[in-house]
Amino acid sequence: MNFEKYTQFTLQDFLADDDFIQWAIKPTEENIAFWNAFLVAHPHKEDMVQKAADTIKQYRQQDIFSNESRKNLLWQRIESSIATQPVITSHRRVVGLTAFMRVAAAVIIIGGLSFWMISRNASPEQYSFATAFGEVKTITLPDQSQVTLNGNSSITYSGSWKKNAAREVWIKGEGYFNVTHLNNDSMHIKPAERFIVHCGDLNIEVLGTTFNVKARHGKTNVALITGKIKIDYATAAVENKTIVMAPGDYVEYKASKLVAAKKLPKPAQVSTWTVNEITFTDATLKEIAETLQDNYGYTVSVKEDSLLRLKIEGDISVNNITDLLDVLTTSLNITIQQSAGKHITISK
Amino acid sequence: MRNEANSALWHSFKQGNWEAYTSLYNDYYSLLNNYGYKFTRNSNLIEDAIHDLFVRLWASRENLGNPVSVKNYLYKSLRNTLLRKIKTEEKYTGMDAEEYPFGFEVSYSNPGGMAIEEKELREKVKAIINTLPPRQKEIIYLRFYEGLSYDEIADIMSISINSAYKLLYKALENLQQTLGPSPLLGIFLGLSYFS
């Protein structure tokens, strides 16, 4: 930067000059020193310099539009678009071809063999989505099936679902599935019509249905709302029988053994968490404490173990944790203390 | 410094790092909204454009280059996407598709507690800017607000560097005519003016 060129500058020239603009919008020690020195040497330029700088500064006092309130919603939309998008990336690699092999390859291609297909290093992408404590998120899978994840849960699946292979996902935590039905003829099921949820040591096979699956504390339970699903084990053992569930059925597994099977009086209730409602039916304090820890990230300590067996008969349906704790306090006649950092202490 | 951090982020995103991709969104969301808002007041259209831009980024991440400035690259992409959407929209609403079928508006609120001279100058700047054609408005914005160089501006606006010079000078001529030696302004600003 030299003074000479600036002595002849007009207002317009200053406004067009890179260094001048940088000084006006991003003053640094260096450029402040330069322009101070310039003005000392050429005081007759001071008014013009001042006016040009003020013009830029006033111009910059404009309104800012950031649309912060829509930030998370738009991100969710982007995520679900990506999840449903066909994956177009693939690594194409031809390793160590000598000149001779290149000629040979060319010949093979002309000969009609798809050399590229062979040398293509297909590596299907893995998609993973996870929720934080207290977060509920719906993900659209490549076949338009939807899964809603409860708090502290995750799902993994391959990005490219091939036409002639089964649809497969791996879930941890709790998820509510709404699977797109592809099969119209239950006697002839094509591979692509199969939909398999891997959960702990269970494989849940689906034809097109809605169901809830929950794997926490070594236990896995599945509740079927509509359709039909088949459950078997990741490791085949003689005593493990395959179970076919009908709507309203509920099963619970622990250490690869069926520990409970019943009809749900209100099947739809297993999915109320997907609309951010907290519901329990005939729940013990133990179940409620587990939900607080699993889905919302609380730590719960109970003064006496006997308290955990306390049971609230009937339905609880609340919208937030504070209301839930109020219900517990009044109906079980217990004391609940909530300290900072999501810690809850329950005593008589 | 910021540029270095962002090119590391960009690099990591290109290798399929979802967290880096999420950071890009978080870092640039409001800047892109602000830029988009100059072209249209239809915030749904801006959202659609940001959506398309980010979905496309992820899908084509392996084939993307390494831009000198991530921000400029995103500005340019958003601009192209958004202008295309505005054009389509205007086709549907039956508006005349001119050569440059969109506006470029900056807006100012009236803050309290501003010195009278400042307020005068602000009003003046605002008035002149509003009379400029959209492309001149845009180049003034990229120059004075974003502080970009001529070649950066040329890249974002998809014009030659030479055209960028010419365009800016045209805009500045208009500014100078009004801001130049004006006795009225001189009195308000308490400035004497030699040129």
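In what order do the elements of chain B run from the N terminus on? In this predicted model, for which local features need pLDDT of at least 70 and side-chain atom pairs count only at pLDDT 80 or more, totals for chains, interfaces and linings use all residues. Residues are numbered from 1 along each chain as its sequence is written, and chains are lettered from A and ligands numbered from 1 in the order in which they are written. The elements of chain B run α-α-α-α-α-α-α-α-α, that is, nine helices and zero strands, where helices (H or I, at least four residues) and strands (E, at least two) are DSSP runs numbered from the N terminus. Of the 195 residues in chain B, 32% are buried, meaning that 20 or more other C-beta atoms, placed from the backbone, lie within 10 Å of the residue's own.

Within chain B, α2(B) and α3(B) pack at an angle of about 145 degrees with their axes 10 Å apart, the axes being lines fitted to C-alpha atoms over the stretch in contact and the angles running from 0 to 180 degrees between N-to-C directions. Residues in contact have C-beta atoms, placed from the backbone, within 7 Å; those joining the two helices include Y21(B) and Y25(B) of α2(B) and I46(B) and W58(B) of α3(B).

Towards chain A, 41 residues of chain B are in contact with 39 residues of chain A. To the side of chain B that touches chain A, α2 (18-39), α3 (43-59), α5 (116-131), α6 (134-145) and α8 (161-179) each supply at least two residues, and α3(B) gives the most, with eight residues.

Definitions and conventions. A residue is buried if 20 or more other C-beta atoms lie within 10 Å of its own, exposed if 12 or fewer, and partly exposed in between; C-beta atoms are placed from the backbone.
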